[in-house]
Amino acid sequence: MTSVGDRAESWRRLAMSVLLCLLYVFLYAPILFVIYASFSEDIVWPFPPSFTTDAYAELFDNSLYSDALNNSLIIGLGSGVLSTLLATAGVIGVLRFPSRRRALILITFLAPLFVAELLIGISSLAFNARLLGLPGNLFSAIAANAVEGTAFAFLIVLAQLVRYDWQMDDAAMVFGASPARCFWEVTLPTIWPSLFGAFLISFILAFNNLEISFYNLGAIPTLPSVAWGSLRFGLGPELFALAALTNGLVFAVFALMYVLMRTGIVKFGYRGV
Amino acid sequence: MLLLAGPGVLFILVTLLLPLLAIFMFSFWRTASYELYPDWNLDNYHVLFTEAAYRTFLLRSALSAVVTSLLCLLYAWPVAYFIARHGGRYRLLLVLLLAAPFFTGVILRIAALQGIFGPGGLINMALGIFGMPPIAALMYTPLAATIGHVYLFVPFMVTAIYLSLVNFNFDLLETAKINGAGPWRAFVEVTWPLNWIGTAIGLALVFIPCLASAVTPRFLGGPSATSFGMSLGQQFGETGTWALGSAMGVVLFAFSLLVLAVMGFTVNLKRSGFTGMGAR
C-alpha cells in the first residue's frame, strides 16, 4: 500500500519538475534569441545564421546607449534602495508593534500591487505636469517606480518575516542592547536574504520599467524608452548587444550563487543541512 | 509603530493616492488643443459609455486578462509547489531564475517572441525547411498576444504562490494522510484553502497588468487587437486628450477594484493560514 503511494508521489514529483524545466525553457528561449540575434548580421531576418560583432562595436561608440544605461541604473538603484528601506521598516512596524490600525497600514503598503503600471505612469504624469508644473525628471521617475517597488518589497519581506522570532530581539534588549544595535547584530544577520531579494526585485522592476518611467521622464532616455523609440525604425542591434551583455552578467552572478549554495558557504536563509 | 511604518504609508499616499485623485478630478474637465480646462462636466464618461469602440476595447482586454490569469494559475501551481516543497537549499535560486528574464526589457522580450513566432521567425523557418506551411495562428493574432501575456506575467503568479507555500506547514498533509485522505482530497481540503490568499494575490498580479496591457497586443496582437491600455496611452500621447484619458484611467481603476472586491469576498481570514498575523 505504502509503496504504491510512494511511487505515485515520485511520479507527481517528476511531472512537476518537468513542468518547472519547461517553464524555464519558455522563459529563456526569447533571452537566448536576443543573445543569438545580437551576433547576427540581419536582425529582422536572422535565419539562416550569419555572424558579426558589429553591434557590440557600435554599442560602445554611441553615447546614447551609455546615457540610457546610466539613467536606468540610477532609477533602478534609487528606487531599489528607497523601496527596501520603506518596506522593511513597514514590515517590522506591522509585525513587531501590533495596533488597531495594522490592517489599514497593511492595505496601504500592498495597494500599489493592484494598480496597473500604466495607471501609475499616467496619473503621476498628470499630477506632476498639470498640478505641480514639474517637467519630466529622474526624481519623479524614481519616486513613481518606488511606489510599485515598495509594495513588492513589502510582500517579499513580510512573507519571510512572519516566521521571525522576535523573542531573540527581546533577549538582546534584556542584556542591554539598544534597539539599533539589536537590529544590526540580531535581526539583520537573520533576515538579510529577504532584504536582498526585495532589493533585487525592486531594482529589476525599476531598471527596466517602461510604462512608469516613460511618462515621468519626458525626453530623458532610459534603456526601455530608447527601445520604445527605436521600434518605429526597427530595433537597433546595439540594444540586443546590450541585453546580451546584461544577461551574461546575470548568469555569472547566478552561477556564483549556485556555487555558494552548493558548498554551503552562504546559505541565503536556508536553514536545513 | 508609526515611526517605522509611517514613512512608507506617507510615501504611498503622496505618490500613489494624490495622482489618482488628480486624474479623478481631470476626468471631469475638458481638453482643448492639448490644454486642460476646469469646466466640470460628464462628457468624457458620456463618450466612454456611448461609443462602441471603447466598450469593445474594455471587453477585449477583460477577456484577455481572464484567459491569461487562468492559464497562469494552472501552470504556476505545480511549479510553485515543486520549488517550495522540493527545492531544498536551491529554493531562492530557483525563484530568482524566474525573475532574471526581467533584466531584459519588456520590448526586447516581446521583439524576441516575435522573432520566434513571427513570419521570419525560428518556428516558421524550421517548418519551411521541412516544406511545411507557417503556423498562421501564431502570427499577429490574439493567441500570440495571450502567449506574450502568459510569458510576461506567469513569474508573478509562481512567486506569489511560492511565497504562500513557504509559510505553509506541509506536516498538515501527513496528518490528512494518516486520517485517510488521498492526495487529491488533501490538496482540495487543506493545501488549496490554506494558500488561497497567496493564490488570489497572484491572480490579481496577473489580471490587473494584463487588463491595462498596451505594449504586448500592439506588437503581437495584429491589426484588430487594440486594447483599452493602448487607447488609454494614446490619449496621453498622440492625441493629447488628457481629460478623456483620465476618465479611461478612472474606469480602468474602478474595473480593477470591482474584480478585487469580488475576490476579496472569497477570502476567509480565519482559514487563511497567515496565523502569525492574527496572534497577540
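Which helix of chain B holds B:S64? The legend to View 1 answers this for the predicted model shown here.

**View 1. B:S64 sits in helix α3 of chain B.** This helix covers residues 52-86. The relative accessibility of B:S64 is 19%, so the residue counts as buried. The cut-off for buried is under 20%. Leaving out residues up to four places away in sequence, B:S64 touches B:H149 and B:C210.

**View 2. Chain A is built from eleven helices and zero strands.** From the N terminus on, its elements run α-α-α-α-α-α-α-α-α-α-α. The C-alpha trace spans about 65 × 65 × 35 Å along the principal axes of chain A. Chain A has 273 residues, and 52% of them count as buried. Take the contacts in chain A with a separation of 6 or more: 73% come from residues 24 or more positions apart. The accessible surface of chain A is about 13000 Å². Carbon and sulfur atoms account for 69% of that surface. Chain A carries 14 positive and 16 negative side chains. The centres of these two sets are 19 Å apart.

**View 3. Helix α2 of chain A has buried residues at A:A55, A:Y56 and A:L59.** The helix spans residues 54-61. An α-helix has 3.6 residues a turn, so residues three or four places apart point the same way. A:E58 also lies in helix α2 of chain A. With 38% relative accessibility, A:E58 counts as partly exposed. A:E58 and A:V186 are 128 residues apart in sequence. In space, their separation is 50 Å, C-alpha to C-alpha.

**View 4. A:N145 is a buried residue of helix α6 in chain A.** Helix α6 runs over residues 138-161. The relative accessible area of A:N145 is 2%. Which residues does A:N145 touch, not counting those up to four places away in sequence? They are A:I75, A:S79, A:A206, A:N209, A:I212 and A:S213.

View 5. A search of the whole structure finds 26 aromatic pairs over all chains. A:F203 and B:F103 form a tilted pair, 6.5 Å centre to centre and with 50 degrees between the planes. Are A:F203 and B:F103 buried or exposed? Both are buried.

**View 6. B:F187 and B:W192 form a tilted aromatic pair.** Their ring centres are 6.3 Å apart. The planes stand at 50 degrees, so the pair is tilted. Planes under 30 degrees apart would count as stacked, and over 60 as edge-to-face. B:F187 is partly exposed, at 22% relative accessible area. B:W192 is partly exposed too, with a value of 27%.

Note on methods. Residues numbered from 1 in each chain as written. Chains lettered and ligands numbered in written order. Predicted model: local features only at pLDDT ≥ 70, side-chain atom pairs only at ≥ 80, totals over all residues. Heavy atoms only, no water. Helix = DSSP H or I, 4+ residues; strand = E, 2+ residues; numbered from the N terminus. Buried < 20%, exposed > 50% of the residue type's maximum accessible area, 1.4 Å probe, protein only. Contact = heavy atoms within 4.5 Å. Areas by Shrake-Rupley, 256 points an atom, 1.4 Å probe, with all protein chains shown as cover. Lys, Arg positive; Asp, Glu negative; His and termini not counted. Charge placed at Lys NZ, Arg CZ, Asp CG, Glu CD. Phe/Tyr/Trp six-rings, centres within 6.5 Å; stacked < 30°, edge-to-face > 60°.
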